[in-house]
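Subject: Structure handover

Hello,

Here is the structure we talked about. Please open it next to this note; the findings follow below.

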Amino acid sequence: MEETANGDSALRDDIRYLGELLGDTLWDQGGRELFEIVEEVRGLAKAARSGDEDAARTLEGVLSELDPARVIPVARAFSQFLNLANIAEQHHRVRRSREWARSPGAEPLFGSLAEAVPRLVRKTNPAALFDAVCDLKIDLVLTAHPTEVQRRTMLQKHNRIAALLDERDRYGLTPDEDEETGLALKREITASWHSDEIRRRRPTPQDEARWGLAVVEQTLWDAVPAYLRNLDKVLQKHTGHHLPLDVAPITFATWMGGDRDGNPYVTHRVTREVALLARWEAVFLYQRDIQRLVSSLSLQVCDEELREEVGGDAWEPYRVVLKRLRARLRQTQHWVEAQLQGARPPEGEILTDVEDLRAPLLKCYHSLHRVGAGVVADGELLDTIRRVSCFGLTLMPMDIRQHSDRHTRALDAITRALGLGGYAEWDEPVRRQWLLDELANPRPLIPQGFEAEPDIQEVLDTFRVINEVGADSLGAYIISHAAVPSDILAVELLQKACGVKRPLRVVPLFETRDTLAGADQTMDTLLECGWFRRRIGGHQEIMIGYSDSAKDAGLLTSAWTLFQAQERLVALFERHGIRLTLFHGRGGSIGRGGGPTHSAILAQPPGSVNGTLRVTEQGEVIQAKFGMPGIALRNLELYTTAVLQATVEPPRPPRPRWREVMDRLADSAMTAYRGVVKDRPEFIKYFRAATPIEEISQLTIGSRPAKRSPEDMTVESLRAIPWVFAWTQTRLMLPAWLGVGDALQEGVDGGLTDELHEMFQRWPFFEALLDMVEMVLAKGDPGVTRLYERALVPAELQPMGAELADRFQRTLEAVLAVTGHEAPLDDFPVVRRAVDVRNPYVDPLNLLQVELLRRSRLCEDDSLRRGLQVVINGIAAGMRNTG
């Protein structure tokens with residue numbers, strides 16, 4: 001949305017006001033000397049950004065000579081300012097949306113329900129659109145983030161600051177009220193200054209799960225019913241139908257506590273504990289809702305059905321029903337607590353089925369409508385019913401994820417114990433036939449007294465916990481690095497062998513260029529198998545990985561490979577008459593498939609978003625999209641309208657000629673990318689020297705190790721998230737553009753300029769791809785990267801840095817030549833201004849990071865390690881991105 005000058009002024013005023021309050025805090029709490037150092041650094045950084053070379057040299061000198069005792073306070077000052085600027089921007093987005101809605105005669109905001117539903121009704125018809133909305137199945141999967149830098153404590157303070165900014169905007173504040181709001185803001189900023197924004201210990205998987213549950217409690221619990229009220233109102237207006245009470249177009253799931261791929265800290269015991277924590281949190285939140293309903297539903301009139309249930313002499317029938325429900329919720333809470341403590345569960349009736357929770361609420365709802373009190377029913381009671389439809393009894397079902405090799409090793413141990421030889425040594429057809437034979441065999445597979453190595457026993461124990469916890473608390477079983485049909489059948493057999501009564505749906509994750517290219521063949525082989533078709537019951541979910549495919553082949557090649565893989569899978573499942581759900585493993589960064597939600601969904605191949613979508617939301621992205629109620633509401637609407645539009649008005653398939661061009665670009669981009677990343681032995685040495693990757697691996701940021709294996713670091717062993725994170729910290733942003741410029745320039749040199757222009761203007765996939773690359777290039781700054789090289793990189797490796805800087809510049813020129821833009825982000829002035837505002841505050845943090853890295857690599861020191869974590873935090877806030 002375009003910002004008006006007046007709108008920009010309001011944002012600038014907020015940032016300036018928060019900056020002044022932070023400055024006051026620095027003076028009051030840190031003293032005059034700290035305040036003056038920060039102001040000097042800020043002034044020099046702004047002058048340097050304006051091209052003043054003397055200021056740039058002076059700034060480097062001031063920060064390199066900074067007293068060790070002052071390094072952390074100065075870094076924290078700039079880090080906290082960037083966090084305050086982020087809060088102000090998020091608040092401003094909500095404010096502008098409200099102003100837009102209040103403007104007389106203004107068209108609804110693009111992508112909102114109010115804009116999209118009537119537009120799509122005109123392209124179909126009211127009945128068809130209503131059915132399409134009711135059939136939507138959008139599942140947002142919250143995952144832990146190995147580079148999530150913000151503590152939950154600080155996020156809560158940030159939310160309170162945002163709420164106070166909202167209060168400050170309220171019309172009609174008295175002078176005293178305005179003064180009190182300002183004092184409250186200063187209190188929060190002062191408290192933040194004296195709070196530790198970094199973790200003293202590495203979070204456990206349970207900590208990460210609690211963080212995810214807190215997002216539900218603090219924002220989604222209220223945002224979801226507000227979103228559904230809006231959807232109901234818009235549907236009623238434009239289709240003549242209300243949204244059914246049991247329909248929830250958007251639901252949530254989680255990987256926190258279930259994602260054990262490469263994370264040794266996620267064990268079967270952790271999975272069990274996190275599943276119980278989620279159930280406890282759900283019961284707690286429902287109890288809170290029911291208590292409010294008990295207080296408010298004091299009505300004495302009810303219908304015959306409810307009267308019969310509560311008894312003829314019940315004075316306040318709704319309270320009778322709700323108190324009974326409250327008692328069962330309390331009993332369920334006591335049961336969960338006993339399970340967590342390993343104690344004997346108390347006797348009593350607990351809630352085990354979501355219908356036990358929904359049914360009494362519906363009886364109250366329908367009774368109120370029948371006696372003419374529908375306006376009461378459609379308030380808090382309806383909100384609670386909507387929550388039940390979205391969150392169920394566990395808030396977010398937990399997916400289990402494990403690497404395919406772990407299943408192979410488990411089955412290998414079993415076959416050797418049975419005297420059948422080594423499963424791992426069999427070829428694919430032999431494995432597949434044996435698996436199918438065993439799936440049809442009623443006898444137990446695992447021999448009595450079977451003793452396994454600890455890591456194999458852990459795999460088997462995980463399946464036994466799946467059976468204990470129950471399918472209601474769990475979602476899918478995700479197989480990382482799935483490649484062949486036996487990878488899927490292996491999990492099916494292990495579920496059977498370990499006695500899982502209600503097996504989880506098994507979802508292969510195809511995540512490298514080669515496995516994505518062969519995904520349709522893998523699934524075709526399975527779909528030709530009668531046992532497998534009976535097992536899936538007409539529906540199959542497939543996950544496609546953006547992160548590893550981009551790390552393997554580069555962004556452009558990965559994007560095209562993913563597009564084609566989806567096309568082939570859609571065609572395959574249509575041919576077999578099986579419904580397909582694609583699960584997108586997207587990260588927050590462009591290099592990991594991230595980007596604007598709405599355009600990314602509309603850029604998918606025709607038929608791939610057919611009313612269903614699963615997508616991961618990670619760490620910092622969760623906070624950015626769902627950390628504030630107004631922002632959460634907007635993002636829920638964007639997901640709904642984008643999936644709805646892609647369903648009822650899918651994009652046209654690309655022209656054959658465009659496919660030919662993309663094939664050439666993809667081959668060229670991959671050759672260039674791998675030629676640097678994989679074929680140059682000095683590259684990994686440069687990467688380790690020029691970026692803080694080693695330091696990131698040692699910090700207490702996430703529960704998961706930065707590498708999948710403890711061996712020496714290679715690009716292959718490194719996880720995609722820290723790979724992207726490290727390049728983001730040094731501002732080179734390499735994973736999101738390397739190879740793109742080579743491919744585009746080769747296309748231009750080969751006479752494809754007009755076709756590339758046409759592809760950008762008329763093909764949503766290509767437009768979204770180049771828009772995202774352009775956004776990354778706007779954030780990047782090889783000049784900053786050069787500061788790291790000068791201080792940290794041995795002389796013999798510095799030519800690699802010079803080459804990468806040259807490639808960055810040539811990529812920028814090639815992208816602008818194709819998009820027709822004079823400068824990056826010409827079409828996104830709001831984002832451009834946000835980048836420009838942040839740069840003078842991120843630059844000093846980069847300089848401080850260079851100095852801290854230089855010092856820490858000379859000697860180990862706890863204060864240096866803490867300083868590094870502070871600047872990592874600040875740079876991530878300034879770039880609005882980690883990995």
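A salt bridge here is a side-chain nitrogen of Lys or Arg within 4 Å of a carboxyl oxygen of Asp or Glu. This is a predicted model: local features need pLDDT of at least 70, side-chain atom pairs count only at pLDDT 80 or more, and totals for chains, interfaces and linings use all residues. Residues are numbered from 1 along each chain as its sequence is written, and side-chain values use heavy atoms, without hydrogens or water.

Salt bridges

Side chains of opposite charge can pair when their charged atoms come close. The whole structure holds 76 salt bridges.

Glutamate 758 and arginine 655 form one of them, at 2.8 Å from N to O. The pair links distant parts of the chain, 103 residues apart. Glutamate 758 sits in helix H32 (residues 753-762), and arginine 655 in the loop between helix H26 (629-648) and H27. Helices are DSSP runs of H or I with at least four residues, strands are runs of E with at least two, and both are numbered from the N terminus. Glutamate 758 counts as partly exposed because its relative accessibility is 23%. Buried means under 20% relative accessible area, exposed over 50%, and partly exposed in between (1.4 Å probe, protein chains only).

Arginine 49 also pairs with aspartate 843; their closest N and O atoms are 2.7 Å apart. Arginine 49 is in helix H2 (residues 32-49) and aspartate 843 in helix H36 (residues 829-856), so this pair ties together parts 794 residues apart in sequence. Aspartate 843 has 11% relative accessibility, so aspartate 843 counts as buried. Arginine 49, at 34%, counts as partly exposed.

Lysine 625 and glutamate 617 meet at 3.0 Å, N to O. Both are buried. There is also a salt-bridge network of Asp139, Asp399, Arg505, Glu541 and Arg614.

Strand S3

Asp399 from that network is also in the list for S3. Six of the six residues of S3 (residues 398-403) are buried. Met398, Ile400 and Gln402 point one way, while Asp399, Arg401 and His403 point the other. S3 runs parallel to strand S4 (residues 474-480), with five bridges between them; strands pair if DSSP finds at least two. Arginine 401 has isoleucine 478 as its bridge partner in S4.

Proline 656

Proline 656 lies in helix H27 (residues 656-677). Proline 656 counts as exposed because its relative accessibility is 60%. Proline 656 and leucine 34 are 622 residues apart in sequence and 63 Å apart in space, C-alpha to C-alpha.

Best wishes
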